[in-house]
Structures are given as structure tokens and as C-alpha cells.
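Try each task yourself before you read its solution.

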Amino acid sequence: MSIRLRLGLVFACAAAAVIAFGGWLFVTTLSSSLLASIDSQLSVQIAQGSKYLGSAGTTNPTLGVASNPPEYAVQLIDGANRVRAASEEAGNRPILSKANLNRARAGRVFVTQVRDGEHERVVARPFDSRRGWVVLAGVSLETFDRTTNRVIVELAIGGSVFVLMAALGAFGLAGAALRPVEKLRAEVAVLAEHRAPGEVTVPSTRDEIADLAKTMNDLLLRLRQALEREQNLVADASHELRTPFAILRGELELASRPGRSREELVAAVKSASEEAARLNLLADDLLLLSRSDQGQLILRIVPTDVTQLLNQCAERATGRARDIGVTCRVDAPAGLSWPLDPDRIGQAIDNLIDNAMRQAPPETEIVIGARAENGRLILEVADEGPGFPAEFLPHAFERFRRPDASRSRGDGGAGLGLSIVQAVATAHGGAATAMNLSVGGACVRLEILGGHPASPG
């Protein structure tokens, strides 16, 4: 069932309920008002009950009074429930039942009853001139019934017409309101057929539909960006994997040729092992980033001696640092402790040290710093190299992004180091920032929030 039809039916049901309640209230009020008017007229008639007694105080059941309106029936009934005086229209039999007459002797009563197949209204009360007597007056409710029935029929017809018009109006109004939505759906369907996340037209109505179109455009933009990142990731990963695979294949082919010396075989195996390790590292990095994208990067948060952790990272880099002529220095207060995952943070710091050693000139220093500041842990790795190119900084943490366009092996890793640093910082509830120092050199900073909850291990 379409939304338009559902809205039309719901609106029709609601309108019918409102009209039914309003009609019932109107008919009830009208009936009460008409009955009150009838009771008032009947009370006037019973107030003149003494006119039906003879001048000598005797009763005459057939006595008629000229001033009595013919539509009213008046009776005087004694304690034995006999009619002692009555108008010509009333007859000689009591209009009320014995039970109602007994009630009337105690006080005024109002009774609606059926007599001789016709509704009538009767008002009775004690007759002041005779103890135990009752005076009553009745009138037919034919006009009352005809009036109320006519009102009910007219309300039913008018209400039905109104409900139908309301349903059609709601159906048309819903169609007009949903027309822009249908247009958006058609545009999205066209985009889906072309498999290209473009944009939909934003209406100039400045309403919820326009907001929906803007939100859809934002979603399509994110999808387009995600598609582009995925395509770039596949292309860059293919490029990075092609080189080690080609080298590995070449080394194995050379090793399989006859006449190779033992030294040549050992060198070939060593080179193949290095390329296999490089492939394994690249696969691990891609797996880590994939888990980070899915929010599944597992952290084992424990209170950690941050200064000791940084010293361990510096010690791991000592051999390579000595080969290129640089030194690594840890600048952190003793005993600095923070809840974090030491393995992931160590991996991030190792990546930053590796990047810094590629750019640091000989005889310079790489500083690995840490400090607590405003409820955050600040980790920094700074070098004295040429710094990041200005055009690289906005894209520093993108995957497979390097400071230059070169993709040679001599440039080092696959361009995933800073992306991993950002993923680790984000998993800890913090962020990573790349910058150039005013005194020269580059600096990458990690900010980790305090009291980060441990993830399940």
C-alpha cells in the first residue's frame, strides 16, 4: 500500500472519528435542549392541574378545559391510581405505570416511554390540593423524533461527504508533497543504473525535501570519495606488490639456472627473503588499516611507562641510525605513565622514527618526545631534515602518499606509515598531526586522550 493511500485512509478515519464524535455531541446537546423545552411546557400544564376539578371540589373525568392545548394530555390520579380528572386527549386510564406513579408521589419525575406505539414525554409530581394524588402532563415526541432523526441523517450525509473530500484532499496533498521525493528516487535510480555516484537536484523550497536532497548529495559525495579511495588503494597496492613480486620471481629464476655459485645462491635466497618480508609487512599494514576502517582495530589498554616505551623504540632504531650517522634522543619525564596499547603505540613510533631517518641529514638528531598536557598525552617525533613539502601536508596521512611522486624502492616503505600512525591515534580516541618546525625539520604529533577505555582483547 502506497504512502499516499495510507495517508488518505488514516486521514479519512481520523476525520470520520472527529465528525462522529462531534455529531454525537451535537445531537445529544440538541436532544437535551429540546427535551428541556418540552419539560418546561409540561411543567406549565401540570401547574394548571387544579382547573380540571369541579368548582365544588368534585371531580369530573370527562371535564375539558378550552384553554388546554390539544397536543397535551393532563391527568389527576388519586391514591388508588384512578384517574379523577383529565383532559379530553388523556383518556380515563393512567398514562404512567404504577411504579412511576409511586415515584411521582415522592417528588417530580420525568419519564420517556412508548404508549400505543408512540414515544411520549411525561412529567408528574404530587398534587398539592389532594394528599396522595398525582398530577401529570404528557405530550407526543413525534416532532422531537422527527427533528432529531432528520438532524442525524443530514449529519451522516454531510459527514460522509466531508470525510470523502478530506480523504481525497489528503491523498492529493500527499501526492504533491511526495512528488519531489519521487523525483529524487528517479534521479537516484538513474545514478544507480550508470553506477556513478553523482548528485541529485536540490529543490529551491528550503524545506525537509531540500534537506533530504542535500543529505543525499553528502552521502553520494562520501560514496564517490570512498570509491575513489578504493580505486586508488587497489592501484597503489598493485603497484607496490608488483615490484617485490617481480624481484622475487627474478631472484628465483636466477637461482634456478645451472652453474650458479654457492655465494650467488645465498645472495639470491637472501634477496628473495627480504622481498618476502616486505610483502608480509605490506600485507600486515593493509590488514591493520582495513580493520581500522571497520572499527575492528583491537587495543589492549594497560597502564604503560611511556618513557620506557620510547626508550625501547629508540634502541630498536640504534643500528640503522648509526649506519646513516644520526642519533635518537628521548625527551620525556621519568615515570610518565599513561593507559594505552604499548604494541600499537610502539608500532606508530617505529614508523615515525623510520620516516625521520630517511630525511634526517648525517650528524643530526631525531628527538622522540612525550609529555602530559591538559588531560592528553602528547607524543612527538621530530627531525632536522628539509621538512614536508607544503603541498604534501594536507595529504600526509593518506594511504600510499609520499612527499614526492617517486615510487622507487630507495625511497623506503609503501607510503602507509603515516596512515598507520593516524589509525593508531584514532583508535586511542586521539589524532595525529604533521607539521614543519619553524627552526627547520619535520614533526609528527600524536595526541591521546586520558582514561581511554580498554577494548576487549
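The exercises below go from cores to a surface patch and then to charged pairs.

Before you start, note that this is a predicted model, in which local features need pLDDT of at least 70, side-chain atom pairs count only at pLDDT 80 or more, and totals for chains, interfaces and linings use all residues. Residues are numbered from 1 along each chain as its sequence is written, and side-chain values use heavy atoms, with hydrogens and water left out.

**Exercise 1. Find which residues of the largest nonpolar core touch the most other members, and which elements supply the core.**

Step 1: A nonpolar core is a set of buried Ala, Val, Leu, Ile, Met, Phe, Trp, Tyr and Cys residues joined through side-chain atoms within 4.5 Å. Buried means under 20% relative accessible area, exposed over 50%, and partly exposed in between (1.4 Å probe, protein chains only).

Step 2: The largest core has 41 residues, and Val306, Ile349 and Leu379 touch the most other members.

Step 3: assign the elements, where helices (H or I, at least four residues) and strands (E, at least two) are DSSP runs numbered from the N terminus. Elements that each supply at least two core residues include helix H6 (306-316), helix H8 (342-359), strand E10 (376-382) and strand E12 (442-449). Helix H8 gives the largest share, 7 residues.

Step 4: look for another core. A second, separate one has 18 residues, among them Leu35, Leu42, Val135 and Leu141.

**Exercise 2. Decide whether Val153 and Thr148 are buried, exposed or partly exposed.**

Step 1: locate them. Val153 sits in helix H3 (residues 142-194), and Thr148 is in helix H3 too.

Step 2: apply the cut-offs. Val153 has 48% relative accessibility, so Val153 is partly exposed. Thr148 has 7%, so Thr148 is buried.

Step 3: Thr148 touches Ser31 and Leu34, not counting residues up to four places away in sequence. Val153, Ile157, Val161 and Met165 form a nonpolar surface patch, with about 390 Å² of accessible area together. In such a patch, residues have over 30% relative accessible area and no salt bridge, and nonpolar side chains (Val, Leu, Ile, Met, Phe, Trp, Tyr) are joined within 5 Å; the areas come from the Shrake-Rupley method with a 1.4 Å probe.

**Exercise 3. Work out how many salt bridges there are, and examine the one between Glu120 and Arg115.**

Step 1: a salt bridge is a side-chain nitrogen of Lys or Arg within 4 Å of a carboxyl oxygen of Asp or Glu. This rule gives 17 salt bridges.

Step 2: Glu120 and Arg115 pair at 2.8 Å, N to O. Glu120 is buried because its relative accessible area is 7%, whereas Arg115, at 28%, is partly exposed.

Definitions and conventions:
Patch = residues over 30% accessible without salt bridge, like charges linked within 9 Å, V, L, I, M, F, W, Y side chains within 5 Å. Contact = heavy atoms within 4.5 Å.
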